[in-house]
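Please read the points below alongside the model.

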Amino acid sequence: MSSKSDISNHAIRIFLTRVGNYYDKARGFEPFIPNANQKEELLTYFDYECCYCGSEIKITTLSKDHLVPINKHSMGLHAWGNIVPSCSDCNKSKHQKEWEEFIKEKCEGKVLNNRKRKIQSFIKLKKYNP
C-alpha cells in the first residue's frame, strides 16, 4: 500500500511533467517524452557519455537524470535542458543532490570544468530557466 507521501510525490511528478511539456512548447521544442530521436539527441550532444563521470552510454543503457530534481522540494521540470544523460550508477547515487555538487564527487580539475561547461551550454541551448 502506498503512503500519503508516496502519493503526493507521484502527483507532484505528474504535475511537473505536464508543466514541463507546456514549457517545452513555449520555448519551441517538442515536449521531452523521450522518444528514440530525443534520446539520440541527448547522447549525441554529450558524446555518448555520462555527463557526470564520463562512462560510455548507449541508447540501451541511457539513464536520464534531472539536473534540478523533479520533486516537491526542488521543483525541477521534466523538460529539455533539465534532463541529461547519466549512467545508472550516477543516477542512483545522485539522489536529490545539486548537480554542481554531485559532479565534484565524480571528477576534478580540467575534466570537471569541461563537464560543467558542457552541461551549462546544454542548459543555455535549451533555454532552461523556469
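**Notes on the predicted model**

1. Lys94 lies in helix 3. The model is a predicted one, and the points below should be read as describing that model. Lys94 has a relative accessible area of 0%. The cut-off for buried is under 20%, so Lys94 counts as buried. Its side chain reaches the backbone oxygen of Leu67, at 3.3 Å. Not counting residues up to four places away in sequence, Lys94 touches Tyr52, Asp65, His66, Leu67, Pro69, Trp99 and Phe102.

2. Which residues line the largest pocket? Lys94 is one of them, and the others are Arg13, Asp65, His66, Pro69, Ile70, Asn71, Asn91, His95 and Gln96. The volume of this pocket is about 170 Å³. Its lining divides into five polar, three charged and two nonpolar residues. Strand 1 (63–66) supplies at least two of the lining residues, and so does helix 3 (88–94).

3. Asn82 is found in the loop between strand 1 and strand 2 (83–86). What lies 2.7 Å from a polar atom of the Asn82 side chain? On the one hand there is the backbone nitrogen of Val68, at 2.7 Å. On the other there is the backbone oxygen of Leu77, also placed at 2.7 Å from a polar atom of that side chain. Leaving aside neighbours within four places in sequence, Asn82 is in contact with Asp65, His66, Leu67, Val68, Gly76, Leu77 and Tyr128. Asp65 and His66, named here as contacts of Asn82, are also part of the pocket lining.

4. The largest nonpolar core has 30 residues, of which Tyr52, Leu67, Val84, Trp99, Ile103 and Ile119 touch the most other members. Helix 1 (4–26), helix 2 (36–45), strand 2, helix 4 (99–106) and helix 5 (109–125) each supply at least two residues of this core. Helix 5 gives the most, with four residues. In soluble globular proteins, nonpolar side chains tend to be buried together.

5. Not counting residues up to four places away in sequence, Ile119 touches Phe46, Cys51, Tyr52, Leu67, Trp99 and Ile103.

6. Lys118 lies in helix 5 and is partly exposed, at 27% relative accessibility. Apart from neighbours within four places in sequence, Lys118 is in contact with Tyr45, Phe46 and Asp47. The C-alpha atoms of Lys118 and Cys51 are 8.1 Å apart in space, while the two residues are 67 residues apart in sequence. Lys116 also lies in helix 5, and at 21% relative accessibility it counts as partly exposed. Again leaving aside neighbours within four places in sequence, Lys116 is in contact with Trp99 and Ile103. Lys116 and Lys64 are 52 residues apart in sequence, with 17 Å between their C-alpha atoms.

7. A cis peptide bond joins Ile33 and Pro34, with omega about -5°. Pro34 is found in the loop between helix 1 and helix 2.

8. Where does Met75 sit? Met75 is found in the loop between strand 1 and strand 2, which is also the loop that holds Asn82. Phi of Met75 is near 60°, a positive value in a residue other than glycine. Met75 is partly exposed, with a relative accessible area of 38%. Lys127 likewise has a positive phi, of about 55°, although it is not a glycine. Lys127 lies in the segment after helix 5.

Methods. Residues numbered from 1 in each chain as written. Predicted model: local features only at pLDDT ≥ 70, side-chain atom pairs only at ≥ 80, totals over all residues. Heavy atoms only, no water. 1 Å grid on protein atoms, 1.4 Å probe; cavity = no way out; pocket = protein on both sides within 12 Å on 5 of 7 lines; lining within 4 Å. Points joined across faces, edges and corners; volume = space filled by probe spheres on them. Nonpolar A, V, L, I, M, F, W, Y, C, P; charged D, E, K, R; others polar. Polar contact = N/O pair within 3.5 Å; in protein donor to acceptor, adjacent residues only side chain to side chain. Contact = heavy atoms within 4.5 Å. Core = buried A, V, L, I, M, F, W, Y, C linked by side-chain atoms within 4.5 Å. Buried < 20%, exposed > 50% of the residue type's maximum accessible area, 1.4 Å probe, protein only.
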